[in-house]
Each structure stands twice: as structure tokens, then as C-alpha cells.
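Hello,

Here is the structure you were waiting for. My notes follow below it.

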Amino acid sequence: MTTNTSSSVNIEANQTTTQIEEETFKPKNGSDLLVHALKEQGVDIVFGYPGGAVLNVYDALYKNPIRHILTRHEQGAIHAAEGYARVLNKPGVVIATSGPGATNLVTGITDAMIDSIPLVIFTGQVATSVIGSDAFQEADIIGITTPITKHNYQVQDINDLPRIIKEAFHIANTGRKGPVLIDFPKNISADIFDEANVFGKDEPIYLPGYQPNTKPNYLQIQKAAQAITEAKKPLVLAGAGVLFADARSELTEFVEKYKLPVVNTLLGLGSIHGNHELNFGMAGMHGAAVANDAIQKCDLLINIGARFDDRLTGDTKRFAPKATIIHIDIDPAEIGKNIPTDIPIVADAKEAIKALINKDIQSPDNGEWLDYLNQKQNDFPYWYVEDENEILPQQIIEMVHSITGGDAVVTTDVGQHQMWAAQYYKLNNDHCWVTSGGLGTMGFGFPAAIGAQFAKPNKKVVAIVGDAGFQMTNQELALLKEYNLPVKVVIINNAALGMVRQWQELFYDGRYSQSLMPVQPDFVKLADAFDVKGYRITTIDEAGAILEEALNSNEPAVIDARVKQLENVYPMVPAGKSLDDIVGVKRI
Amino acid sequence: MRRVITVSVLNQSGVLNRVTGLLMKRQFNIESITVGHSEQPNISKMTFVVNISDEVKLEQMIKQLSKQIDVIKVNDITDKSIVLRELALVKVVSPANLRTEINAIVEPFRPQIIDTSKNVVTYQVVGHPDKIDAFIELIRPYGIKELTRTGVTASVRETQPVETLQLSILK
């Protein structure tokens with residue numbers, strides 16, 4: 001270690017205040033510059049895992065600290081960053097080493113790409129002199145991540161780093177959001193930079209190939225307004241674009257002003273209050289009967305920030321057959337990709353909704369339509385048949401909902417528990433629903449909850465996970481104690497890969513090939529090993545009291561809810577079928 | 001249908017990989033691709049030929065390419081008045097007793113002889129890809145020893161035919 005005065009000052013300042021450092025700390029090498037540039041971007045937390053190629057970066061973090069969360073696996077770090085980004089609607093930052101550290105991020109990067117979650121990811125890389133020589137812990141992460149990032153960079157000259165970081169945050173968090181990766185060779189992280197050449201923070205960004213359009217076209221808005229006024233059966237489909245644009249209040253005002261019914265996509269949940277009278281729930285494969293029926297019968301479908309994913313549309317040829325389609329999306333490539341669009345509007349959701357509100361058009365004459373939908377909603381609610389001997393997973397989620405009052409941040413993995421959570425947890429707020437939608441990543445929910453808890457330290461964060469998915473990332477339990485995080489993990493434990501089993505029951509004559517897991521770990525003991533309180537629920541009578549104790553405590557908790565193994569998620573639109581072919585809408 | 005697409009890109013490392021990777025991921029098959037510097041520093045121009053019959057897929061491909069950060073401009077120039085050029089180097093078996101005959105046959109294609117040895121002549125032929133196809137077919141019976149083609153590069157003509165009312169009625 002050098003005996004340089006400014007660095008010793010910083011070691012003393014290390015754990016106390018960052019203000020002194022800001023004044024006295026002078027970045028010297030590439031890694032210092034990285035930390036400095038991150039602070040300039042307002043980054044106050046990073047999720048990561050050290051390793052050989054990022055030693056310089058971690059040394060810089062030691063001298064000039066940004067809060068660093070040490071997960072137990074890089075996948076945990078990136079899912080935590082996703083949870084953080086989803087809840088705060090700003091980029092999450094991840095650091096990992098080269099080779100295996102970088103490749104362990106790949107699932108999370110893909111997940112963030114497909115669900116448009118803003119992330120800035122730093123990976124270490126071997127020194128530029130040995131890149132391409134199959135060096136120790138070398139992986140071509142630029143090649144690997146080119147198709148799964150919004151953009152990626154390899155730093156070739158330390159003087160480029162501030163510009164790259166600035167561009168990366170800009171790209172990640174504007175337009176259609178997404179992950180940006182910066183690969184940082186080890187020798188460059190130690191390079192001394194030339195202060196005169198360094199791109200200043202006030203210098204404008206120059207990206208001629210990246211100019212997302214946020215303002216809606218006036219003529220298109222006019223056409224849309226006309227279509228709304230003339231519609232008899234209008235319907236708004238609200239997707240995650242509404243949330244990314246922070247347009248919940250605008251959406252609510254818009255639909256209230258013109259009396260438009262709303263349905264949500266899975267990722268759009270929370271874009272309007274779960275119990276709003278104009279909200280007819282989630283549409284899609286396991287959506288509400290009324291929501292899917294509304295899509296099939298509407299004469300005008302106003303898609304705001306959803307990408308017509310196949311799990312939403314079913315058979316695209318028979319999707320919304322009677323509807324004129326208005327599609328508002330910030331990404332022009334989404335328009336017309338899956339569903340032919342009549343009135344495309346390329347814009348930020350908030351700007352477009354505001355423009356439609358300001359049009360002051362005549363509300364459509366849709367009283368009959370609303371009556372019809374209300375009746376349908378009344379007649380075909382989500383349903384389950386209670387069982388004397390077994391707990392139903394839906395009951396557990398209903399209880400979690402009532403105990404937390406719909407106010408918690410809820411994260412999930414993928415599968416049956418995810419669908420039940422989407423159906424039965426009526427969200428009061430936006431930015432409180434963190435789920436892996438497009439990629440469908442098992443093991444996402446629990447680390448995402450950790451990230452969400454860092455984002456909102458005073459909010460209740462509940463990870464609703466399956467017994468199988470939880471085991472993919474449960475090593476992150478170590479963080480709950482270490483960082484004092486009161487995250488609650490509710491394991492919907494059916495000792496099976498529930499959704500796989502359901503499809504095998506319905507489409508493979510009940511041949512349960514590798515989908516049952518009769519021997520699961522004792523999750524209470526597992527929690528205990530990490531010094532986290534574990535609870536077990538085996539009967540419905542004790543469920544309420546246990547959940548109440550666990551969810552209301554200020555401590556972290558793992559709740560192992562043993563539920564009926566053979567319960568299925570309904571309603572269901574079989575894959576590839578039309579939304580009209582929905583089954584299980586009525587209580588059996 | 002064959003489409004000729006030109007793409008202006010920032011001349012960054014990996015940009016070719018981005019463009020071809022994207023086309024592969026979205027299942028578009030590239031027939032040919034050429035890349036080189038443009039008149040502006042740091043900007044390269046790519047010309048590629050793809051076979052797409054579906055209008056929706058074509059639009060999707062153009063949008064996906066435009067979305068790339070390093071891509072500045074994408075143009076489908078197929079329906080414009082354009083100049084298409086390709087260069088081929090063809091090594092032909094050409095013994096002394098046949099050489100005059102071969103040279104006479106290929107003469108209308110105005111190829112250049114750029115290398116020659118006792119039994120082999122290398123022709124360079126430049127033109128529209130159809131012309132090159134025709135040249136190759138013509139010379140094939142004499143025995144092609146080696147063939148390399150550059151792929152198509154293209155440029156839009158300065159003067160475009162004016163769409164007049166009468167013309168569109170005639171169509």
C-alpha cells in the first residue's frame with residue numbers, strides 16, 4: 001500500500017462520512033475513476049461479488065466506498081439489482097468478476113432484457129494483452145451478452161470510461177429500458193488516466209444512433225381520440241410501460257375521465273389500483289375470465305406499454321377479432337410485431353396518456369359494455385374448492401394479502417405460485433410487483449425481494465416462491481441476517497414443480513415425469529442454519545395466526561406452507577389456443 | 001423476395017457481429033453482405049441482401065436493426081432506382097489452344113485478365129450480380145478452378161424516376 005496522504009485520509013473517512021472523501025479523494029487509476037463516475041451518476045448501492053479480475057475495482061471501493069451488497073452467488077446479485085431497479089424505477093448496478101462471475105450473470109441479464117429492467121453491469125475481464133488467449137477466467141462476455149443486452153461495451157482506453165459510464169446509464173434508463181454491460185479489462189482498471197482527456201460529467205452525450213421518441217405524434221393522437229369517442233366497447237390494456245413511465249396517476253385519470261375499463265398484463269399489475277372499479281384484472285393464459293372475454297369482445301383495444309406477448313394473446317390470429325387496435329409503445333419495433341396495429345403511437349406512455357387526457361374528447365357511449373363486464377366479473381370470479389384436509393395455495397395468498405393490506409412489495413418466481421399471487425394479491429400501489437415475466441426465471445423471486453428491501457427499507461417485502469424455485473437461490477438467506485433485512489419468504493410448498501406437473505396432468509395424461517419432489521429439505525431447519533426464523537404451516541386452522549406473526553414481525557422469516565400438491569391454476573387458456581378457448585372459468 | 005438493405009453504422013468493434021447476430025436471432029437468412037468505410041469518418045456502410053417475402057417480417061427486421069445503438073440508419077433500397085455492383089475473381093482452366101476461344105466468348109462481359117499462367121487465367125469481372133451469374137455459367141464448361149465473389153454493394157441513383165399521375169394509372 002502506498003503511504004500517500006490523500007489515500008490515508010480516505011481510509012479514515014471510510015466508514016464515517018462520504019462528504020470528506022468527495023472533497024479530498026482524487027481518483028488516480030481506472031478503478032478509482034469507475035467509482036467516482038458511479039457516484040456522479042448518483043449510485044448509492046451496488047450488488048456484486050469480487051474476484052481476480054475486479055480486485056482493483058474492489059480496492060477502489062474500499063478506499064472510496066459505495067454501499068456494496070455481497071450476495072452469495074452472482075445470480076443473486078443480478079436478481080437483487082433487478083428487484084431494486086423495478087421498485088425504484090432506476091438502474092440497478094452489478095459488479096462481477098471475469099469468466100465464471102460474468103457467465104453467472106447471464107440468466108439475470110436475459111431476464112432484465114426481456115422485461116425491460118434498467119441495469120448497468122460491470123464485469124471484470126482479463127488483461128488486454130491476453131484477451132483471446134483462453135486465459136485463466138477468460139470468457140467472451142461481450143460475445144455472450146450481445147444478444148441479451150440493450151448495449152454493451154468493452155473499455156479499451158481508460159480515458160473512455162467516464163463517457164461509457166454516462167452513456168450506459170443513459171441507455172439503460174431511457175427509451176425502452178434494459179441492461180447495459182461494461183466489460184473492464186484488469187490492466188485498464190489499474191491504468192493511470194489523463195485528467196485532461198477525461199470526458200467531464202457536463203459534456204453532452206452523443207449517440208447518433210439512439211434517439212428514442214417520447215412525444216406522441218399529434219395526428220396519431222387525434223386518430224386515437226376519434227376512435228375512443230366512436231367506440232362502443234373500448235378497453236385499455238395496461239402493461240409495464242405504464243409503470244416504467246411512472247404514469248399510474250395519468251392512467252387512472254385517463255380511464256376515469258372517459259369511463260374506460262382496464263385490464264392488465266402480468267407485468268402491468270399495479271399500473272392501476274387492484275380494486276379500482278374500472279379494473280377488470282389480469283388477462284392472458286391464467287387471467288380472469290372477464291379480462292379475456294373483454295379482449296375478445298371489445299371493439300377498440302388501447303394497448304399502453306404492453307408487447308402482446310404470447311402468454312397474453314394466445315393464438316394471435318384469433319386475438320381481439322373485433323377490435324381496432326391502438327398500440328402505444330416507446331419501442332417502435334414492438335408495434336406490429338405480433339398483432340397488426342391500426343393506430344400506432346410511438347411515445348412514452350405518460351406523454352401519450354396526457355395527450356389523450358388533454359384532448360378533452362367526448363366519452364364513448366359504453367354504459368352497456370361496462371354493465372356487461374361488471375356482470376361477467378360477478379358471475380365468473382377466480383375460484384377454488386376448499387379442501388377439509390389440505391391447505392389450498394390460493395388461501396395462503398389471500399391471507400398474505402389481507403394481513404399486509406395489499407400494501408407490500410410482492411416478488412415471485414415463475415409458475416403456479418406466481419399466477420396465484422397475480423390473481424389473489426390485489427396490489428394497492430405501483431412499483432410493488434416484482435416478477436419474472438418474459439423469461440420466467442425460477443430462483444428470481446427471493447433475491448429480487450432482497451434488492452427490493454434495500455430499495456424500500458421501510459416497506460414490507462414478501463417473496464412468494466415455490467419450493468423448487470426457492471432452492472435455486474436460497475443461499476442468499478445469508479444476507480437477511482448480515483444486512484438485517486426483514487424480508488418474508490412465503491414458500492408455497494407443494495413438493496412439486498407445480499406448473500410442469502399441471503401441464504403433465506392436462507396434456508400428458510398425468511405422466512409426472514420428473515416433476516414431483518417428494519423429499520424436500522426441512523425449510524425451517526434451513527432457515528435456522530442462516531439464523532432466520534422459520535415457520536411451518538400444515539393446517540388451514542393455524543395458517544392465519546402463523547402468517548400474522550411472521551409477516552408482522554420486524555425480523556426476517558421463512559414460512560413453509562405445505563399446500564395441496566394437485567391443485568391447478570384456473571382459468572387457463574391452453575398454449576397456442578385462442579383466448580376464447582379458456583377453460584376452468586366456472587367453479588367445478 | 002430479394003431485398004437490398006443498406007445500413008450505416010458507427011465504426012465500433014463488434015458492430016458487424018451485432019448486426020449479423022441480430023439477423024440470425026430473428027431467423028433472417030443473409031445471402032450476401034459487404035462492409036466498408038463510408039464518406040464520413042467513423043461511419044461504415046453495410047449492404048446486405050436478404051430473402052424475405054413477408055412485408056411484416058421485413059418491417060420487423062428494419063426496426064430491429066434500427067434499434068441497435070450503433071446503427072445510425074437503415075434503408076430498404078430495393079424499390080428505388082439503384083446501382084448494384086459485385087466483383088468476382090474467376091480462375092479458369094485455359095490451355096494455350098483454347099485461350100483465344102475463351103477470351104473471345106467472354107469478351108462481351110468486359111472482364112479483365114489479372115493473372116495468368118501456363119494453363120490458368122484469372123478473370124476479374126464487375127457488374128450486376130446477374131451479369132456475374134451469367135459470366136460464370138458461360139465459362140463453367142471450360143472448368144472453373146476457383147471462384148470468389150465479394151457480395152453486392154449498392155448505391156441509390158441521384159435522379160429517381162418521378163412518379164407522375166399518368167404513370168401510376170398506366171401501371
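**What I found**

Buried residues account for 55% of the 588 residues in chain A. Please keep in mind that this is a predicted model.

Chain A first. Its secondary structure comes to 25 helices and 18 strands. The radius of gyration of chain A is 25 Å, close to the 25 Å that the globule rule gives for 588 residues, so chain A is as compact as a globular protein of that length. The C-alpha trace of chain A spans about 80 × 60 × 45 Å along its principal axes. I also looked at contacts in chain A between residues at least 6 apart in sequence. Of these, 76% join residues at least 24 apart.

One helix to look at is α20 of chain A, residues 445–455. It is mostly covered, with 11 of its 11 residues buried. Among them are A:F446, A:I450 and A:F454.

Next, the cores. Nonpolar side chains tend to be buried together in soluble globular proteins. Here the largest nonpolar core has 185 residues. Which residues have the most contacts inside it? They are A:V94, A:V490 and A:I559. Leaving out residues up to four places away in sequence, A:V490 touches A:I396, A:V400, A:V462, A:A463, A:I464, A:I559 and A:A561. Another core, of 18 residues, lies apart from the largest one. It includes B:V4, B:V7, B:V15 and B:V19.

On to chain B. The domain assignment gives domain 1 (2–76) and domain 2 (83–154). Their C-alpha centres lie 30 Å apart. The contact between them takes seven residues from domain 1 and six residues from domain 2. On the domain 1 side, β1 (2–10), β2 (30–37) and β3 (43–51) of chain B each supply at least two residues. β2(B) gives the most, with three residues. That side divides into three nonpolar, four polar and no charged residues.

An unreviewed UniProt entry places the feature "domain: ACT" at residues 4–79 of chain B. Over residues 4–79 chain B is 32% helix and 39% strand. The end C-alpha atoms of that stretch are 9 Å apart.

Best wishes

Conventions. Residues numbered from 1 in each chain as written. Chains lettered and ligands numbered in written order. Predicted model: local features only at pLDDT ≥ 70, side-chain atom pairs only at ≥ 80, totals over all residues. Buried ≥ 20, exposed ≤ 12 C-beta atoms within 10 Å, placed from the backbone. Helix = DSSP H or I, 4+ residues; strand = E, 2+ residues; numbered from the N terminus. Rg over C-alpha atoms; globule rule 2.2 N^0.38 Å. Contact = placed C-beta atoms within 7 Å. UniProt positions renumbered as here; feature names shortened; annotations may be inferred. Core = buried A, V, L, I, M, F, W, Y, C linked by C-beta atoms within 7 Å. Domains from an automatic or database assignment. Nonpolar A, V, L, I, M, F, W, Y, C, P; charged D, E, K, R; others polar.
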